[in-house]
Amino acid sequence: MKRKHTRSKAALIALTPTWAAVIVVYLGTMVWSVTLSFTNSRLFPSWNFVGFEQYSKLFQTAKWLVSFQNLIIFGVLYVFGCLFVGFLLAAALDRRVRFESAFRTIFLYPYAMSFVVTGLIWQWMMNPTLGVQASVRALGWQSFTFDWIINRDLAIYAVVIAALWQGAGLVMILVLAGMRGIDGEQWRAARIDGIPVWRTYVSIILPQLTPAFAAAGTLLSMGVIKTYDIVVALTNGGPGSATEVPAKFIMDNLFQRQNLGLATAAATILLLTVLIIVAPFRYAQHIRARRQAGTL
Amino acid sequence: MTHPRGPRPTQITAARIGLYAFLISAALFFAVPLYVMIVTSLKTMDEIRLGQIFALPLHLDFTAWQTAWAGACAGSECTGVRMGFLNSVKITVPAVVISVLIGAVNGYALSFWRPKAGRLMFGLLMAGALVPYQIFLYPLVRAMAVMGFYNSLGGIILVHVLFGLPLVTLLFRNYFVTIPEELFKAARVDGAGFWRIFVEIMLPMALPMIVVASMFQFTGIWNDFLLGVVFAGRDKLPMTVQLNNIVNTTMGERNYNVNMAATILTAIIPLAIYFLSGRWFVRGIAAGAVKG
């Protein structure tokens with residue numbers, strides 16, 4: 001009895017730093033931030049509670065509305081774009097091609113680089129006077145235009161292209177690993193039945209890749225909410241505020257505009273957004289796990 | 001990765017040509033930016049003004065690299081990315097070592113000892129990984145300022161360790177779960193305690209995961225921008241922040257060749273890790289991510 005006591009004590013002590021981090025850093029700061037969002041704090045925290053005033057101000061702030069809209073446009077195009085391109089690349093590499101590992105290396109290397117580096121590379125490529133546009137025009141195609149980065153309506157899509165370039169390789173690796181795990185018999189059966197290759201991929205292979213897609217989708221979506229570096233490096237939110245995103249809006253209000261109440265209200269909305277997106281998935285997982293445990 | 005897909009096609013068909021056309025154009029899309037960066041960094045500004053980013057440099061010129069390393073300006077300071085490189089090393093190395101060690105202890109304790117509320121802690125940690133950093137930042141800045149950690153090397157290392165906990169714990173827990181429990185029980189019967197089992201049995205067995213977790217943490221911390229901006233302080237800025245300051249500085253003419261050289265210098269360490277440990281990196285990403 002005494003021995004059992006001491007052994008669990010060692011494990012408990014070993015986990016103490018992490019417990020402290022979870023309680024103080026994760027939960028504590030979260031409560032602190034959410035509390036501040038109900039005050040009229042500016043440069044310094046104040047304990048003057050104003051109810052939902054910051055929230056109503058937030059949703060009357062044009063910049064926040066643009067940020068939130070950009071987050072949705074960027075998030076949907078980035079996640080589905082990466083999944084689509086990643087799947088195409090994986091399917092192509094799955095066809096027994098030569099130089100497979102060379103192709104794989106080329107598709108994945110951007111993932112090893114930071115979003116800042118990615119942003120700066122594409123800022124250079126998309127520079128209208130010196131970048132791709134100028135080069136193609138110099139070849140004789142005078143009307144060629146690739147000036148998305150300075151175009152208010154298109155700049156957010158420029159961010160999507162750069163982010164897609166960085167992230168598609170990750171999906172390719174995950175999906176390829178999933179494809180290699182599928183039984184080859186199914187291919188033989190499909191070929192005997194005369195089903196074309198593309199149909200086999202769409203109707204037979206694709207449904208079996210759900211776990212790989214779920215993992216990739218989760219990783220990419222987690223990045224979407226945190227999107228900050230790439231925007232700072234590529235466009236710094238501009239032109240005007242065409243590429244502002246919530247994470248940047250919060251940072252600007254926290255550290256430059258001294259608008260603590262508004263910034264924490266925005267952060268709380270961002271947190272709620274995560275919860276709204278993640279909760280159904282977690283719940284579905286939970287239900288599925290219980291159902292499996294029940295039927296087994 | 002094995003490949004059970006029937007005989008290798010020998011005939012050149014239209015589908016085959018289309019397949020390679022797709023792969024090659026995709027490869028161009030992914031490779032061209034790196035190519036453009038390298039050639040730009042080797043050109044002179046006069047050559048760059050011609051506006052032909054795909055052209056090879058007329059003659060190799062390495063002055064941009066020297067300037068990027070030791071003389072490029074961010075605002076009024078002209079010290080290149082050299083200081084940032086050193087700072088990034090000073091931040092990344094201890095942060096990786098500490099977080100991987102804590103992650104290994106956590107994973108080991110959670111999977112074999114199952115202490116009280118261990119599942120709760122793990123669940124909270126995983127939930128914490130989903131939360132946007134912005135909600136933690138201000139209170140952390142205040143708390144660290146009060147404790148005297150703010151704007152210091154120790155402070156930024158601590159922050160990286162704290163925010164690395166979910167990933168390293170997840171990786172090691174998932175790894176230790178696959179190790180047979182008999183091994184652990186045998187060691188228990190022989191009278192080994194918590195730490196002895198960890199140091200003598202589990203740590204050596206976890207070597208592959210130590211490598212993978214270190215790679216993840218190294219690239220993640222090296223590539224970080226947000227935490228570096230907030231917590232590192234002016235003298236300890238990591239390379240990514242300095243790079244952004246240099247490239248997006250508004251003073252004077254933009255030296256694109258210097259900017260591109262500085263960008264490559266910043267990317268070179270994670271790229272080297274990726275190219276040198278290619279298979280490990282790929283396997284680590286696939287294994288670590290699918291299990292998540």
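**Reading a pocket and its aromatic neighbours**

Tutor: This is a predicted model. Its second largest pocket has a volume of about 990 Å³.

Student: How many residues line the second largest pocket, and which lie nearest its centre?

Tutor: The lining has 33 residues. Nearest the centre are B:Val229, B:Arg234, B:Leu237, B:Val241 and B:Asn245.

Student: Which helix gives the most to that lining?

Tutor: Helix 12 of chain B, with five residues. Chain A takes part too: its helix 12 (246–255) supplies at least two residues. By class, the lining has 14 nonpolar, 14 polar and five charged residues.

Student: Now the rings. What describes a pair of aromatic rings?

Tutor: The distance of the centres and the angle of the planes. A search of the whole structure finds 43 aromatic pairs over all chains. One of them joins A:Trp187 and A:Tyr201: 5.0 Å centre to centre, with 70° between the planes, edge-to-face. A:Trp187 lies in helix 8 of chain A and A:Tyr201 in helix 9, so the pair ties together parts 14 residues apart in sequence.

Student: Is A:Trp187 buried or exposed?

Tutor: Buried, with a relative accessible area of 5%. A:Tyr201 is buried as well, at 6%. A:Arg95 lies over the face of A:Trp187, 5.1 Å from the ring centre.

Student: Why is the pair of B:Tyr150 and B:Phe231 edge-to-face?

Tutor: Because the planes stand at 90°, and angles over 60 count as edge-to-face. The ring centres are 6.4 Å apart. The two residues are 81 apart in the chain, with B:Phe231 in helix 11 of chain B. B:Phe231 is buried, at 1%, whereas B:Tyr150 is partly exposed, at 28%.

Terms used. Residues numbered from 1 in each chain as written. Chains lettered and ligands numbered in written order. Predicted model: local features only at pLDDT ≥ 70, side-chain atom pairs only at ≥ 80, totals over all residues. Heavy atoms only, no water. 1 Å grid on protein atoms, 1.4 Å probe; cavity = no way out; pocket = protein on both sides within 12 Å on 5 of 7 lines; lining within 4 Å. Points joined across faces, edges and corners; volume = space filled by probe spheres on them. Helix = DSSP H or I, 4+ residues; strand = E, 2+ residues; numbered from the N terminus. Nonpolar A, V, L, I, M, F, W, Y, C, P; charged D, E, K, R; others polar. Phe/Tyr/Trp six-rings, centres within 6.5 Å; stacked < 30°, edge-to-face > 60°. Buried < 20%, exposed > 50% of the residue type's maximum accessible area, 1.4 Å probe, protein only. Lys NZ or Arg CZ within 6 Å of the ring centre and 35° of its normal.
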